[in-house]
Each structure stands twice: as structure tokens, then as C-alpha cells.
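Please keep the sequence and the model in view while reading.

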Amino acid sequence: MRYADGGGVSPPGRAKREQVRRQAAALFASGLSPVEVAARLEVSAKSARAWRRAWLAGGEAALASKGASGPASKLTFEQVRQLERLLEAGPAAAGFTEDQRWTLARVADLIAGRFRVRYSLKGVSLLMRRLGWTPQLPIHRAVERDEEEIARWRRRQWPAVKGSRAGWARGSASPTRPDTR
């Protein structure tokens, strides 16, 4: 089975995957082989064989979700949702008025201030990626920038500044051409 939602790392995703394993347990109980279960549930045969071994050793309870892998998250599921809403509201809403960029340091400060939890910059980066946010480099442009004037300059002045495509040496450097001898 393919998990289009990023592997089912959220509690609803884990519940969905656990439901698939419970279906596998029912199919094993009816006498199907792991390969047949894999085909019916659209999972790998390797997963189906591992599920069957666990099912034989501990029954359907052995196929229950063990929770998220890795260390426990510092934020609860609800706090992560709150953080997502705060990020979508923008830096100005969180009190960062200098510019409209979410830097890792700002997000770490936001988390520390709202949830009383400290994250390293690497931890914030991983959390942001998990939420679907990517680091972005801002385009620094002057407030006084005049797009019409820039277009006019490119049209009129740039050709003179740029020069010709041929460069300073016209003609051919080939010794076989008659006009170069």
C-alpha cells in the first residue's frame, strides 16, 4: 500500500496503517499466505511475512502501532497544529516586524515563547520540513525600485554598455581564409 500522505507519520496516518495490519491478521486467520495477503492489500511481500511472524507470535495485538519511531516529539500533535497556524499567519503576527521572513532562529524563538520548549536550529529545520515548509532565500530589492525605469534602461542603455557580440577583433583568425594572409 502506498502512503501518499508522506508515510503516515501523523496519528491518523498511523491509525490507517494499523488498520491495514489488522486486515492482514484477518486474512492470515482465514488461511491466506503472506504473498496472497500482500497482493490483496497492495503491500510488499516482505511486510506481509513480517506481519505474519508477529501475528503468529502475539496475535492481532502484536500488529498494533507502537507509535512514532525515533525520540518522542517535544511538541504534542495539537501544539504542532498551533505552530502551523502561527507560521501561516506570518512573522508580523508573531511580532517580527523587520521583514516577512521565517528564519530558523525566529521559529525557534516562537516555539520557546509559545510552548516553553527549546529546539536547536537543526531540530526546527526538521520540524519545518515535516510540516511541508522549505527554507527560502529572500530576494533583496530596494523599496525605491522602479520596474518601468529598469525596463527602459535595459532597452536603451544596455545594448551600448554590453557592446557587440563579436567583441573587439572582427574577422577570422583562420589561416586558411584568403583575406587573413
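## Helix α1

In α1, the buried residues are G13, R14, E18, V20, R21, A24, A25, L27 and F28. Buried here means under 20% relative accessible area, exposed means over 50%, and partly exposed is in between, with a 1.4 Å probe and protein chains only. These buried residues of α1 pack against α2 (34-41) and α3 (45-58). Helices (H or I, at least four residues) and strands (E, at least two) are DSSP runs, numbered from the N terminus.

Helix α1 covers residues 11-29, and its 19 residues should span 27 Å at 1.5 Å a residue; the end C-alpha atoms are 27 Å apart, which agrees. The expected span is 1.5 Å times one less than the number of residues. Just after α1, G31 has a positive phi of about 100 degrees.

## Basis and confidence

The model is predicted, so local features need pLDDT of at least 70 and side-chain atom pairs count only at pLDDT 80 or more, while totals for chains, interfaces and linings use all residues. Residues are numbered from 1 along each chain as its sequence is written, and side-chain values use heavy atoms, with hydrogens and water left out.

The average pLDDT of the protein chain is 83, and 81% of the residues score at least 70. Over residues 1-5 the pLDDT is below 50, and this stretch has 9 contacts in the model beyond near neighbours in sequence. pLDDT is the predictor's confidence in each residue, from 0 to 100. Where pLDDT is low, the predicted coordinates should not be read in detail.

## Overall fold

The protein chain has 8 helices and 0 strands. In sequence order its pattern is α-α-α-α-α-α-α-α. Of its 181 residues, 24% count as buried.

Contact means heavy atoms within 4.5 Å. Among contacts between residues at least 6 apart in sequence, 44% join residues at least 24 apart. The accessible surface of the protein chain is about 13400 Å², and 53% of it belongs to carbon and sulfur atoms. Accessible areas come from the Shrake-Rupley method with a 1.4 Å probe; for residues, only the protein chains shown count as cover.

## Salt bridges

The whole structure holds 9 salt bridges. A salt bridge is a side-chain nitrogen of Lys or Arg within 4 Å of a carboxyl oxygen of Asp or Glu. One of them joins E84 and R81, with the closest N and O atoms 2.4 Å apart. Both residues lie in helix α4 (residues 77-89), 3 residues apart, about one turn of the helix. An α-helix has 3.6 residues a turn, so residues three or four places apart point the same way. E84 is buried, at a relative accessible area of 18%, whereas R81 counts as partly exposed at 26%. The two side chains also make a polar contact (2.4 Å), meaning a pair of N or O atoms within 3.5 Å; within protein, one must be able to donate a hydrogen and the other to accept it, and residues adjacent in sequence count only if both atoms are side-chain atoms.

R106 forms a salt bridge with D99 (2.8 Å, N to O), and R106 is buried at 10% relative accessible area. Another pairs E147 with R145 (2.5 Å, N to O). E147 is partly exposed at 45%, and R145 is partly exposed at 35%. Salt bridges that share partners join E98, D99, R101 and R106 into one network.

## Loop residues

Which residues does Y119 touch, not counting residues up to four places away in sequence? They are S73, K74, L75, A108, I111, V124 and L127. Y119 lies in the loop between α5 (104-115) and α6 (121-130) and counts as buried, at 17% relative accessibility.

R116 lies in the loop between α5 and α6. Phi of R116 is near 55 degrees, a positive value in a residue other than glycine, and R116 is exposed at 71% relative accessible area. E42, in the loop between α2 and α3, has a positive phi near 60 degrees and is exposed at 61%. Most residues other than glycine have a negative phi, and most peptide bonds are trans.
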